[in-house]
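Me: I am new to this structure and would like to learn how to read some of its features, one after another. Could you take me through them slowly?

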Amino acid sequence: MIRTITEMGDPVLYQVAREVSPEEIPSPEIQGVIDDLIQTLKSTTGVGLAAPQISQSLRICIVDKPLTVLINPIITPVGEVTDTSFEGCLSVPGVRGEVRRPQTVRVQALDRRGKEIDQTWTLFRAIVVQHEVDHLDGILYVSRTEFTFPDNSARVKSHESVPVRTHMIGGSKKTFVVDSPKPVGGAQHVTFGFDQRGTVTGIRVQPGGARITGVSLSGVRFKRKDYPAGLADQVICGERGLIVAAGDQLRIDMAMPKGKRQISVEADFDPAT
Ligand code: NI
């Protein structure tokens, strides 16, 4: 069965998943989780998937090309050579970030029949397996990166990707801009993914008549008093601003004026230096 992929902010992605005992492996439950992982991955453009990403806190992950099922995987770096690459994650949609990892790793695990796997993987496959095993330890790659960029990280409620434009205003301040690709109406939200620490100093939504009804950061909703409110379509985030960490997602809920309109949401961001 194709399962819903959990997204950043879901507690299951931050838990250390439990080991699967050899006796459990043949059970319909565990075999079902493996089948679901495979079917779910095939429905995406991803190259790996871990059980917590389908809400199962178990030490099972899969890596594609060729498809390999790993149960209770243990990863050991081989040699000292590290490499950086731009990683993405199905649980952190639309963002990519540069991560440095060992180039070659030893992979020890059990396969879906309980047979031992002991292989040495390198380059792309080594990166993927390290990323997946991180998921089993409750780690998202965004916490390992110094540098990520919003690709098409913002989405409207309909779950369509919308482009993010970034431009610099003033000195080091960046403004993230999200435009909806087509007119939307009713209650909407957009999400900005942050790649680094800093402060959000202001949020604006266009067109006129749209109201900001809520602001939350990685699932934590701010109280109105936490952001001395400006206009209904604009939030001035106080003198200190809203402090965000790398990997945080800022969600802005809006009520749109009557009828469907294209929306544009801007967030001013001051990176920490
Ligand atoms: Ni991932």
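Me: How are the donor residues of the nickel ion spaced in sequence?

Reply: This is a predicted model, and in its sequence the donor residues of the nickel ion follow the spacing C-x41-H-x3-H. The atoms that coordinate the nickel ion are SG of C89, NE2 of H131 and NE2 of H135, at 2.1 to 2.3 Å.

Me: Where do H131 and H135 stand relative to each other in helix α2?

Reply: An α-helix has 3.6 residues a turn, so residues three or four places apart point the same way. Here H131 and H135 are separated by about one helical turn, because they are four residues apart in helix α2.

Me: Is H131 buried or exposed, and what holds for H135?

Reply: A residue counts as buried when its relative accessible area is under 20%. H131 has 6% relative accessibility and therefore counts as buried, and H135, at 1%, counts as buried too. The helix around them is mostly covered, with twelve of the 14 residues of α2 buried, among them R125, V128, E132 and L136.

Me: What lies over the face of W121, and how many aromatic pairs does the structure hold?

Reply: A pair of aromatic rings is described by the distance of the centres and the angle of the planes. The structure holds zero aromatic pairs, but the ring of W121 has R125 over its face, at 4.0 Å from the ring centre.

Me: In what order do the strands of the open sheet of four strands come?

Reply: Strands of a sheet pair through backbone hydrogen bonds, either parallel or antiparallel. In this open sheet the order is β13-β19-β15-β16, and the pairing is antiparallel. The edges are β13 (187-193) and β16 (220-221), each with a single partner strand, so one side of each is left without a neighbour in the sheet. Strand β15, residues 211-217, pairs with β16 over two bridges, and L217 stands opposite V220 in β16.

Me: Which backbone oxygen lies 3.0 Å from a polar atom of the side chain of T68?

Reply: That oxygen belongs to P66. T68 itself lies in strand β3, residues 68-77, and it counts as buried because its relative accessibility is 12%.

How values were computed: Residues numbered from 1 in each chain as written. Predicted model: local features only at pLDDT ≥ 70, side-chain atom pairs only at ≥ 80, totals over all residues. Heavy atoms only, no water. Buried < 20%, exposed > 50% of the residue type's maximum accessible area, 1.4 Å probe, protein only. Donors = N, O, S within 2.8 Å, 3.2 Å for Na, K, Ca; no water. Phe/Tyr/Trp six-rings, centres within 6.5 Å; stacked < 30°, edge-to-face > 60°. Lys NZ or Arg CZ within 6 Å of the ring centre and 35° of its normal. Pairing = 2+ DSSP bridges. Polar contact = N/O pair within 3.5 Å; in protein donor to acceptor, adjacent residues only side chain to side chain.
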